[in-house]
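Open the model in your viewer and keep the selection tool handy. We will walk from one stop to the next, selecting a few residues each time.

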Amino acid sequence: MSELHKFIFEGLPVRGMLVRLTDSWREVLQRRAAANDAFPEPVRVLLGEMAAAGALMQSSIKFDGALVLQVYGDGPVKLAVVEVQSDLAFRVTAKVVGNVVPHAQVEAMLNVHGQGRCAITLDPKTKFPGQTPYQGVVSLHGDHREPLQKISEVLEHYMLQSEQLDTCLILAANDETAAGLLIQRVPVEGAANLGRRNEDEIGLNEDYKRLAMLASTLTRDELLTLDADTVLRRLFWEEPLRRFPPQTGEDGPRFACSCSRERVGRMLMGLGRPEVDDIIVEQGRVEIGCDFCGIKYHFDAVDVGELFTPTPQQAPGSTAIN
Ligand SMILES: [Zn+2]
C-alpha cells in the first residue's frame with residue numbers, strides 16, 4: 001500500500017518525509033498500458049520521480065488545493081505533469097513526441113536546446129474573485145548554467161531559489177515503486193510554511209548539512225526496495241528522530257483522476273455546436289480520451305443533440321450541465 005511518513009529531528013531545525021508509491025503507481029502504469037499508450041521507460045522513471053516529489057512537496061507546504069508540477073521540454077518529451085491534491089490524490093501524464101533513448105535523463109528528454117522549464121503551480125481549492133494560482137518557474141540548469149540531469153536537482157534548485165529552503169531530495173522509480181526522501185531545513189520561526197523565510201541561514205546550518213549528507217548516502221536501490229522503517233533506521237540511527245503515524249490508505253497517497261463526462265461535455269460546449277457537428281459528420285462520434293487515466297468518453301449525434309439542448313427545468317440561456 002502506498003504510504004507517506006513524516007518525521008522531525010528533535011531539537012534540530014530539520015524535518016523529513018519519506019514516500020513510497022506502490023499500488024497507486026502500478027495502477028497509473030497499468031492504465032496507460034491498457035490504453036495502448038505506455039510511456040517509454042525513461043519517461044516512466046521521470047513521472048514516477050515527479051509523482052513522489054509532488055507528494056512530498058504537497059505535504060511539506062500544507063496547502064489546500066492542487067500542487068501541479070509541470071516540466072515543459074524542448075526534446076522528445078514536450079510536457080511531463082504531476083498533480084497532487086491536498087488529500088494526496090495524484091495523477092500524472094506526459095506528452096512524448098519522437099524517440100526517447102534508453103536511460104535518457106532530464107537533459108536528453110527535456111532540455112536538448114536549453115529551453116526546458118519546470119513550473120510549480122499552487123492552485124487553491126477556493127479562490128476569491130480574480131485570484132490567479134501562484135506559480136514559480138525555474139530553468140533546468142544549475143547555478144553555473146550546467147544542465148541538470150535529475151529532476152531531484154531541478155526541484156532542490158527550485159526550493160532554494162524560489163522558497164529559500166535548503167532541501168535535499170532523493171528520488172527513484174521503476175515499474176513497481178516510485179519513492180522519495182525529503183530532508184528540509186525548517187525556518188527557525190517554527191511555522192512550516194513557505195511564507196516564513198530565514199535567508200541568512202541558507203546553506204550554513206550544520207545540523208541540516210549533516211542530515212542531508214546522511215540522506216544522500218541512500219542508494220536508488222535501497223530507496224526502491226527497503227521499507228520505510230529500515231531506511232530511516234539505517235540512515236538516522238544516531239539521530240534524535242521522531243516519527244509521526246504514517247499516512248496510508250484513504251489518508252495516504254493514491255491515484256485518482258478528476259475527469260468526468262460532465263467536464264468533457266462542458267469542453268465540447270466550449271468548442272461550439274458547428275465544430276462538434278463537423279466531427280460527428282466526419283467520424284460518426286466524438287471520442288475524447290483522458291490523458292491522465294486513459295478513460296475514453298464518447299458522444300454520438302444523440303448525445304451531442306442533448307448536450308446543446310437546454311433541459312426544460314432550466315432558464316433559457318443557462319448551461320445544461322454543471
Ligand atoms: Zn481521467
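Start at the hairpin of β1 and β2: four residues lie between the strands, and Gly11 among the residues here takes a positive phi near 80°. Before going on, note that this is a predicted model, in which local features need pLDDT of at least 70 and side-chain atom pairs count only at pLDDT 80 or more, while totals for chains, interfaces and linings use all residues. Residues are numbered from 1 along each chain as its sequence is written. Helices (H or I, at least four residues) and strands (E, at least two) are DSSP runs, numbered from the N terminus, and two strands pair if DSSP finds at least two bridges between them.

**Stop 1: around β1**

Select residues 3–9 for β1 and 14–21 for β2; they pair in the antiparallel sense over six bridges. Pick Glu3 and you will find Arg20 of β2 opposite.

**Stop 2: helix α2**

Select residues 41–61. How far apart are the end C-alpha atoms of α2? They are 30 Å apart, which agrees with the 30 Å that its 21 residues should span at 1.5 Å a residue; the expected span is 1.5 Å times one less than the number of residues. Colour α2 by burial next, calling a residue buried if 20 or more other C-beta atoms, placed from the backbone, lie within 10 Å of its own. Of the 21 residues, 19 are buried, so α2 is largely enclosed by the rest of the structure. Step just past the helix to Lys62, which takes a positive phi of about 50°.

**Stop 3: the six-stranded sheet**

Here the order is β7-β6-β3-β4-β5-β12, an open sheet of six strands with mixed pairing. Its edge strands, β7 (134–139) and β12 (254–255), each pair on one side only.

Zoom in on β4, residues 77–84: six of its eight residues are buried, so the strand is largely enclosed by the rest of the structure. It is antiparallel to β3 (residues 65–72), with six bridges, and Tyr72 has Leu79 as its bridge partner in β4. Four residues separate β3 and β4 in their hairpin. In the hairpin of β4 and β5, select Leu88 to see a positive phi near 75°.

Move across to β6 (residues 117–124), which pairs with β7 in the antiparallel sense over six bridges. Arg117 has Ser139 of β7 as its bridge partner.

**Stop 4: the cores**

Which residues touch the most other members of the largest nonpolar core? Select Leu47, Met50, Ala51, Ala52 and Ala53, out of 70 residues in that core. A nonpolar core is a set of buried Ala, Val, Leu, Ile, Met, Phe, Trp, Tyr and Cys residues joined through C-beta atoms within 7 Å. Helix α2 gives the most to this core, with 11 residues. To finish, look at a second, separate core of six residues, including Val264, Leu268, Val276 and Phe299.

Terms used:
A residue is buried if 20 or more other C-beta atoms lie within 10 Å of its own, exposed if 12 or fewer, and partly exposed in between; C-beta atoms are placed from the backbone.
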